[in-house]
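Welcome! Take a look at the protein below, and then we will walk through it step by step.

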Amino acid sequence: ASAYFRSIRAALKGLRIYLADDKSPLYAHGLVGQVIIPYVDRLEATFSAWENRVGFMERFRISRADSG
């Protein structure tokens, strides 16, 4: 799971770099950035939350037999 989340972070970082690059066809079109960036922010927050949840669940896994 950690490799998956690393890949997602790298992909979103790459997307941000692409959108910020002045050679990108989307850079000159400010409307595209205004529309896309909030979704990228939201995706980053969502994946961060899922990564924390997965990490939390693996650390505090309780078997049904132990919980009574």
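## Inside or outside?

A residue is called buried when its relative accessible area is under 20%, and exposed when that value is over 50%. By this rule, buried residues account for 9% of the 68 residues in this protein. Keep in mind that you are looking at a predicted model.

## The overall layout

What is the protein's secondary structure made of? It has three helices and zero strands, so following the definition of these elements, you can read them off from the N terminus as α-α-α.

How confident is the prediction? The average pLDDT is 81, and 79% of the residues score at least 70. Among the elements, helix 1 (residues 2–20) has the highest mean pLDDT, at 89, while helix 3 (residues 64–67) has the lowest, at 59.

## A buried residue: F5

Let's visit helix 1, where you will find F5. Is F5 buried or exposed? Its relative accessible area is 8%, which is under the 20% cut-off, so F5 is buried.

Which residues does F5 touch, leaving aside its neighbours within four places in sequence? They are F47, W50, E51 and V54. F5 and F47 are 42 residues apart in sequence, yet their C-alpha atoms are 7.2 Å apart in space.

Now look at L31, which belongs to helix 2 (residues 30–59). L31 counts as exposed because its relative accessibility is 52%, and the cut-off is over 50%.

L31 also forms a nonpolar surface patch with V35 and Y39. Together, L31, V35 and Y39 have about 320 Å² of accessible area.

Key:
Residues numbered from 1 in each chain as written. Predicted model: local features only at pLDDT ≥ 70, side-chain atom pairs only at ≥ 80, totals over all residues. Heavy atoms only, no water. pLDDT = per-residue confidence, 0-100. Helix = DSSP H or I, 4+ residues; strand = E, 2+ residues; numbered from the N terminus. Patch = residues over 30% accessible without salt bridge, like charges linked within 9 Å, V, L, I, M, F, W, Y side chains within 5 Å. Areas by Shrake-Rupley, 256 points an atom, 1.4 Å probe, with all protein chains shown as cover. Salt bridge = Lys/Arg side-chain N within 4 Å of Asp/Glu carboxyl O. Buried < 20%, exposed > 50% of the residue type's maximum accessible area, 1.4 Å probe, protein only. Contact = heavy atoms within 4.5 Å.
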